[in-house]
Amino acid sequence: MFPTALGAKGRSDALEVILLHELGQVTAWKTSLSVLHCLQQHNLELSVYLASASMSICRKKSAWSQAVHILREMAQFRLEQNTITYSAALSACGKGEQLVQALQLFREMADTRVERNTITCNAAVSACGK
């Protein structure tokens, strides 16, 4: 189901992504974020996929500040911020009607040389239209 969700050690993150997704579908979205933090605290291998899944849950629940927080924490755990993670955070900011934060993230992408694509551009434009 998630063929590209293999960790650096060959471990699949599919189970964690599915767990976060399912928790995010119910009112337990804060629990899904707790799962991510629990993985961090127990020094389990984190991945960009888990961070992106968590930010997507934040977008669905209009928790834009949590999505930005996860994006910021990625560096602490040596996870590369990329187009996908910035897109997830931008979308969360757009849904939360946070124009200034969305534009700041969009500008930051250029500063950190993260590639902008159609999805990130659409997310930034959508944030402006709210």
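Modeller: Let us begin with Thr83, which is placed in helix 5, residues 83-95 (helices are DSSP runs of H or I with at least four residues, strands are runs of E with at least two, and both are numbered from the N terminus). Please keep in mind that this is a predicted model, in which local features need pLDDT of at least 70 and side-chain atom pairs count only at pLDDT 80 or more, while totals for chains, interfaces and linings use all residues. Residues are numbered from 1 along each chain as its sequence is written, and side-chain values use heavy atoms, with hydrogens and water left out.

With a relative accessible area of 16%, Thr83 is buried (buried means under 20%, exposed over 50% and partly exposed in between, using a 1.4 Å probe and protein chains only). Its side chain reaches the backbone oxygen of Glu115 at 2.7 Å; a polar contact is a pair of N or O atoms within 3.5 Å, where within protein one must be able to donate a hydrogen and the other to accept it, and residues adjacent in sequence count only if both atoms are side-chain atoms. If we set aside the neighbours within four places in sequence, Thr83 is in contact with Met109, Val114, Glu115, Asn117 and Thr120, contact meaning heavy atoms within 4.5 Å.

Thr83 is also one of the residues through which helix 5 meets helix 7: Thr83, Ser87, Leu90, Ser91 and Gly94 of helix 5 face Ile119, Thr120, Ala123 and Ala127 of helix 7. By class, this contact holds four nonpolar, five polar and no charged residues (Ala, Val, Leu, Ile, Met, Phe, Trp, Tyr, Cys and Pro count as nonpolar, Asp, Glu, Lys and Arg as charged, and the others, Gly among them, as polar). The axes of helix 5 and helix 7 (residues 118-128) come within 8 Å and cross at roughly 15°, where axes are lines fitted to C-alpha atoms, for helices over the stretch in contact, and angles run from 0 to 180 degrees between N-to-C directions. Helix 5 and helix 7 are therefore roughly parallel to each other (angles under 35 degrees count as roughly parallel, over 145 as roughly antiparallel, 65 to 115 as roughly perpendicular and the rest as oblique). Their crossing is left-handed, a word used if the near helix is turned anticlockwise from the far one by less than a right angle, with right-handed used if it is turned clockwise.

The C-alpha atoms of Leu71 and Thr85 are separated by 6.9 Å, although the two residues are 14 residues apart along the chain. Leu71 counts as buried at 0% relative accessibility, and, leaving aside neighbours within four places in sequence, Leu71 is in contact with Met55, Gln81, Thr85, Tyr86, Ala89 and Leu105.

Helix 4 has partners of its own. Helix 3 (residues 48-60) and helix 4 (residues 64-76) pack at an angle of about 165° with their axes 8 Å apart, and they are therefore roughly antiparallel to each other. Val48, Ala51, Ser54, Met55 and Cys58 of helix 3 make this contact with Gln66, Ala67, Ile70, Leu71 and Met74 of helix 4, a set with eight nonpolar, two polar and no charged residues. With helix 6, the axis of helix 4 comes within 12 Å and crosses at roughly 20°, so helix 4 and helix 6 are roughly parallel to each other. Here Trp64, Val68, Leu71 and Arg72 in helix 4 meet Gln101, Leu105 and Glu108 in helix 6, and these residues divide into four nonpolar, one polar and two charged.

The loops deserve a look as well. Glu97, in the loop between helix 5 and helix 6, has a positive phi of about 55° although it is not a glycine, and Glu97 is exposed, with a relative accessible area of 56%. Arg113, in the loop between helix 6 and helix 7, has a positive phi of about 60° and counts as exposed at 78% relative accessibility. Most residues other than glycine have a negative phi.

Stepping back, the protein has seven helices and zero strands, and buried residues make up 43% of its 130 residues.
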